[in-house]
Amino acid sequence: MSRLHIDWTACEGRGACAELLPELLYRDEWGYPLSREREPQIPAPLEGHARRAVRDCPRLALRLVDS
Amino acid sequence: MTTLVDSRERLFTAGPDLGSHLRRHGPLPWQGGPHRLIAAVEAAGLTGRGGAGFPTWRKLNAVAAGEKPVVIANGAEGEPASAKDRTLLHRAPHLVLDGLQLAAECVGATRAYVYVPAGPAADAVRHALAQRRAARVDRIGVDVVVAADRFVAGEASAVVSAVEGRAPVPRDKVRRIAESGVRGRPTLVQNVETLAHLALIARHGPAWFRSRGTAEEPGTFLATVSGAVAAPGVYELSYGVPVDEALARAGGPTVPLQALLLGGYHGAWLPAQAGAAPLSRAGLRPWGASPGAGILVALPADRCGLVESARIATYLGAQTAGQCGPCVNGLPRLADTLHRLAQGPVHPGLPAEVARLSALVDGRGACKHPDGTVRFIRSSMAAFAPEIGIHLAGNCSYRRGSR
Amino acid sequence: MSAAWYLARGTGVVSLLLLTIVVALGIATRSGRPAFGLPRFAVTAVHRNASLMSVLFLAIHIGTLLIDPYAHLKVVDVVLPFVGSYRPLWQGLGTLALDLIVALVVTSLLRHRLELRGWRAVHWLAYAAWPVALLHALGTGTDAGQLWLRGTAVVCTAAVLAAIGWRLSGSFPRLSTVDGRR
């Protein structure tokens, strides 16, 4: 299973990822992605959405890593 | 700052010049090839003295496995409550530089760096390197890279960035630094004190190193004792000695103490009554504390712990690298909230707000700065809990006049 | 006039319209802001799909011109600007626009291999690609004087100017972050 890794030095809280993965990501009061675990596991049905979130991040701040 | 020189010393037994160092410690004990020192380091049980306490032999192993590695002696010491690294570099630079050469030989590096802030320590290092060059002591070339005087400048990936000539700020951890660091090469970033111990282990062996300290945490470490003590300074101690002994070495408390900050600004508070607790990871774990990079700050009983904590939190909030949103936004907010708790105006929701912001910021950054700050703040809230209640009622046990 | 000629003109204009949408959207929603009630990912999708469609129509536009004997377009003219035999300046602008658009699209498709800075540096060329394409449309085609083409050019220009105006206006949403980096 993959995990979603956030590059915090690149992230600017644009919020595109939270739109595509609302099951896993919220936005905190400053707009930055917030998840229950530090590098959220991506369940199989959300793999496609996660890949799209990675692709669409305007800051290229997301990566899928193998856990 | 004063230091005592006695038979308990290992690191400060020679003067800073090369002649004195060679007379006291003997020549650099080259091992004859890469990898050879690792077994001795593992047997000695040497762990990193920069605060994280990572087993040194594992780091050496990981970097030695790579191609064209780089070694960096990290003397950045961004922590304001710590003075051991610059003291060590000023008083025993040759031990550190010996350790750097040995580490470089061990991992097969052809390039080495000393990362140190501008000032007497950097001057001492440059002077020592010049002496070594004249005497042809070193086999691997060493460059000095000046460290910024910032709290996060000593973070390992910030060190790598600085050596690359970029801004000294932490980077996103794509791969471990031991695999890919300076310009993609495997990089060993080692605290200067760790390298000094390495230089002695190579000369005297693992059994000698283990003759001090505990079985699980062997050897000695440099402690910076400050605050309400008679002789604040840097002292060499064995792991496992009681906290009280560290205070005694520093001349003892000048006034009754309230608490001790252990491990620095990212550390935790120990109540003053816990003076018998051993200075080791195992000994302090029940107290939720750790020796960290050997930092002890004595808080007198007549000072408000919340005010002191808020001061430190404000400092930490101003020392972010400015890269990561939750940290940049959250730490100053946390500091403000703590400040209000300490100095007013108070309202009953403040402790809950501190807890909420702490949970929001913890773990959400490229480095451990938000994590360490949250750890410190949580410890402060627990250590000074009775005082919080008093503050919320509009009073302070330590204020002389009325509000 | 041959069918190829009509096809070439038509696809050229459609390509320009799509390019205008892409550029206006890019300006107005810089770095992934929502727009027109669409969520961010939808705006990104429109931006990407419109640019790819624009390239598709552009390909047909060039293809039909290559096979149309009246267009006098040679393969070298497709890559090298200003060396053509028919209205070299205006047609050359088309080639220039194509070169810029290819750079934009290729770097965007490979965005994750490039660093953000490298991609962004090339993406600035969009500000050059669009006016070059517009000038090409106005100068090259035999419809240059036609009302409908001029009208199209006016609409396209208005859209881009409106987007720029929105960007520079006070109501353009700033980010809520505290730091002033980048």
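What follows sets values against definitions.

Mentor: This is a predicted model, where local features need pLDDT of at least 70, side-chain atom pairs count only at pLDDT 80 or more, and totals for chains, interfaces and linings use all residues. Residues are numbered from 1 along each chain as its sequence is written, and chains are lettered from A and ligands numbered from 1 in the order in which they are written.

Trainee: Why are H1(C) and H6(C) called roughly antiparallel?
Mentor: Helix H1 (residues 3–28) and helix H6 (residues 126–140) of chain C pack at about 150 degrees, with axes 10 Å apart. Axes are lines fitted to C-alpha atoms, for helices over the stretch in contact, and angles run from 0 to 180 degrees between N-to-C directions. Under 35 degrees counts as roughly parallel, over 145 as roughly antiparallel, 65 to 115 as roughly perpendicular and the rest as oblique. H1(C) and H6(C) are therefore roughly antiparallel.

Trainee: What makes the crossing of H1(C) and H6(C) left-handed?
Mentor: A crossing is left-handed if the near helix is turned anticlockwise from the far one by less than a right angle, and right-handed if clockwise. H1(C) passes H6(C) in the left-handed way.

Trainee: Which residues make that contact?
Mentor: On H1(C) they include C:Leu16, C:Leu19 and C:Val23. On H6(C), C:Trp130 and C:Leu134 are among them. Contact means C-beta atoms, placed from the backbone, within 7 Å. By class, the contact has nine nonpolar, three polar and no charged residues. Ala, Val, Leu, Ile, Met, Phe, Trp, Tyr, Cys and Pro count as nonpolar, Asp, Glu, Lys and Arg as charged, and the others, Gly among them, as polar.

Trainee: What does chain A contain in helices and strands?
Mentor: Chain A has two helices and five strands. Its pattern along the sequence is β-α-β-β-β-α-β. Both kinds of element are DSSP runs, numbered from the N terminus: helices (H or I, at least four residues) and strands (E, at least two).

Trainee: How do you know that chain A agrees with a compact globule?
Mentor: The radius of gyration is taken over C-alpha atoms, and the globule rule is 2.2 Å times the number of residues to the power 0.38. For 67 residues, that puts a compact globule near 11 Å; chain A has 11 Å, so the two agree. Its C-alpha trace spans about 30 × 20 × 20 Å along the principal axes.

Trainee: Why is B:Lys68 called exposed?
Mentor: A residue is buried if 20 or more other C-beta atoms lie within 10 Å of its own, exposed if 12 or fewer, and partly exposed in between, with C-beta atoms placed from the backbone. B:Lys68 has 12, so it is exposed. B:Arg183 also has 12 and is exposed.

Trainee: Which residues does a cis peptide bond join?
Mentor: B:Gly344 and B:Pro345, with omega about -5 degrees. B:Pro345 sits in the loop between helix H13 (325–343) and helix H14 (350–361) of chain B.

How values were computed: Two residues are in contact if their C-beta atoms, placed from the backbone, lie within 7 Å.
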